[in-house]
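User: I am new to protein structures. Could you walk me through how to read one, feature by feature?

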Amino acid sequence: MFNKLSIATYNIHKGFSSFNQRLIVHKQRDCLRGLNTDIVFLQEVVGHHTKHAARFTNWPDGSQHEFFADSVWPESVYGKNAVYKSGHHGNAILSRYPIVSWENEDISAHRFESRGLLHCEISIPKWEENLHCICVHLGLFKKGRHTQLKALKKRIKRLVPAHAPLVIAGDFNDWREITGPTVADALDLTEVFEFTDGRAARSFPSALPILRLDRIYVRGFHIENACVHHGHPWSKTSDHAALSTNVIRR
């Protein structure tokens with residue numbers, strides 16, 4: 001049934017549990033596989049880290065996004081944002097369907113936070129148009145998020161046809177719920193939890209979610225359901241809860 005898609009977004013905290021106590025990337029992969037989703041949006045994905053690779057005997061070979069994708073999601077892309085002496089990290093998108101193009105746009109608002117928009121087009125069987133997916137991890141400061149959302153709106157209006165299906169997901173750091181609705185109204189987007197529950201999901205911290213940081217926005221879909229994945233075992237695998245939704249192409 002190609003008109004139906006399952007989508008998840010997850011800030012994996014660089015593969016470590018809350019407070020960086022344990023390397024938990026293997027458990028994270030098991031949990032994500034259990035969701036059985038078609039497309040996964042990931043934030044804080046480590047592409048390379050020489051110190052962690054030397055310290056942990058079970059550190060994955062290659063990048064974390066390739067480790068997550070493995071044989072379950074045959075297509076994956078990674079956008080390198082933060083670069084430092086020992087390595088780099090950024091956003092990633094995993095897909096069961098072919099990714100036909102992708103680009104990572106630097107939207108850093110200042111030199112202390114490196115941020116990017118990872119934008120890809122996915123070819124879904126029997127769809128006349130490609131699905132546009134954008135994975136985001138916005139800054140911690142209101143002014144920076146405002147600048148980053150302007151860049152997001154500009155990119156979509158320039159590169160995504162108004163009639164094309166679109167999904168934007170990730171960590172918006174929008175605990176005051178101000179910036180998200182602004183971009184949704186401007187781009188005719190619907191946030192899946194606002195549609196199903198009347199308000200964005202509580203997703204942080206994962207042990208007892210209070211703050212509404214993460215979002216899944218869609219355009220061109222009917223939203224069937226939405227779920228916050230917290231509590232056991234999710235509370236042990238990251239400081240963020242994972243979010244998922246099932247949507248049907250209009």
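**Strands and sheets**

Analyst: Start with a strand pair. Strand S7 (residues 131-137) and strand S8 (residues 166-171) run parallel and are joined by six bridges. Keep in mind that this is a predicted model.

User: Which residue of S8 is the bridge partner of Ile-134?

Analyst: Ile-168 is the bridge partner of Ile-134.

User: In what order do the strands of the open sheet come?

Analyst: The order is S5-S6-S7-S8-S10-S9, six strands with mixed pairing. Strand S5 (99-106) and strand S9 (190-191) are the edge strands, and each pairs on one side only.

User: Which strands does H4 lie across?

Analyst: Helix H4 (142-159) lies across S5, strand S6 (116-122), S7, S8 and S10. H4 runs at about 25° to S6.

User: How many residues of strand S12 are buried?

Analyst: Strand S12 covers residues 242-249, and six of its eight residues are buried, so S12 is largely enclosed by the rest of the structure. Look at its partners. S1 pairs with S12 in the antiparallel sense over six bridges. Strand S11 (residues 221-229) is also antiparallel to S12, with eight bridges joining them. Now find Asn-246 in S12. Asn-246 is the bridge partner of Ser-6 and also of Asn-225.

**One side of a helix**

User: Which residues of helix H5 are buried?

Analyst: Helix H5 spans residues 179-187, and its buried residues are Thr-179, Gly-180, Val-183, Ala-184 and Leu-187. Next, check where they point. They cover an arc of only 130° around the axis, which puts them on the same side of H5.

User: What do the buried residues of H5 pack against?

Analyst: They pack against helix H4 (142-159) and strand S10 (214-219). Then look just past the helix. Asp-188 follows H5 and has a positive phi, near 60°.

**Aromatic rings**

User: What describes a pair of aromatic rings?

Analyst: Two values describe it: the distance of the centres and the angle of the planes. Here, a search of the whole structure finds six aromatic pairs. Take Phe-16 and Trp-59. Their ring centres are 6.3 Å apart and their planes lie at 35°, so this pair is tilted.

User: Where do Phe-16 and Trp-59 lie?

Analyst: Phe-16 is in the loop between strand S1 (4-11) and helix H1 (25-35), while Trp-59 is in the loop between helix H2 (50-55) and helix H3 (64-69). The pair therefore ties together parts that are 43 residues apart in sequence.

User: Is Phe-16 buried or exposed?

Analyst: Phe-16 is buried, at 6% relative accessible area. Trp-59 counts as buried too, at 11% relative accessibility.

User: Which residue lies over the face of Trp-175?

Analyst: Arg-145 does, at 4.9 Å from the ring centre. Look also at Trp-127. Arg-249 lies over its face, at 5.5 Å from the ring centre.

**A single loop residue**

User: Where does Ala-201 lie?

Analyst: Ala-201 is in the loop between helix H6 (192-197) and S10. With 5% relative accessibility, Ala-201 counts as buried.

User: Which residues is Ala-201 in contact with, leaving aside its neighbours within four places in sequence?

Analyst: Ala-201 is in contact with Phe-193, Leu-211, Arg-212, Leu-213, Val-228 and Leu-243. Ala-201 and Arg-29 are 172 residues apart in sequence and 22 Å apart in space, C-alpha to C-alpha.

How values were computed. Residues numbered from 1 in each chain as written. Predicted model: local features only at pLDDT ≥ 70, side-chain atom pairs only at ≥ 80, totals over all residues. Heavy atoms only, no water. Phe/Tyr/Trp six-rings, centres within 6.5 Å; stacked < 30°, edge-to-face > 60°. Helix = DSSP H or I, 4+ residues; strand = E, 2+ residues; numbered from the N terminus. Buried < 20%, exposed > 50% of the residue type's maximum accessible area, 1.4 Å probe, protein only. Lys NZ or Arg CZ within 6 Å of the ring centre and 35° of its normal. Arc of directions from axis to C-beta. Contact = heavy atoms within 4.5 Å. Pairing = 2+ DSSP bridges. Axes fitted to C-alpha atoms, helices over the stretch in contact; angles between N-to-C directions.
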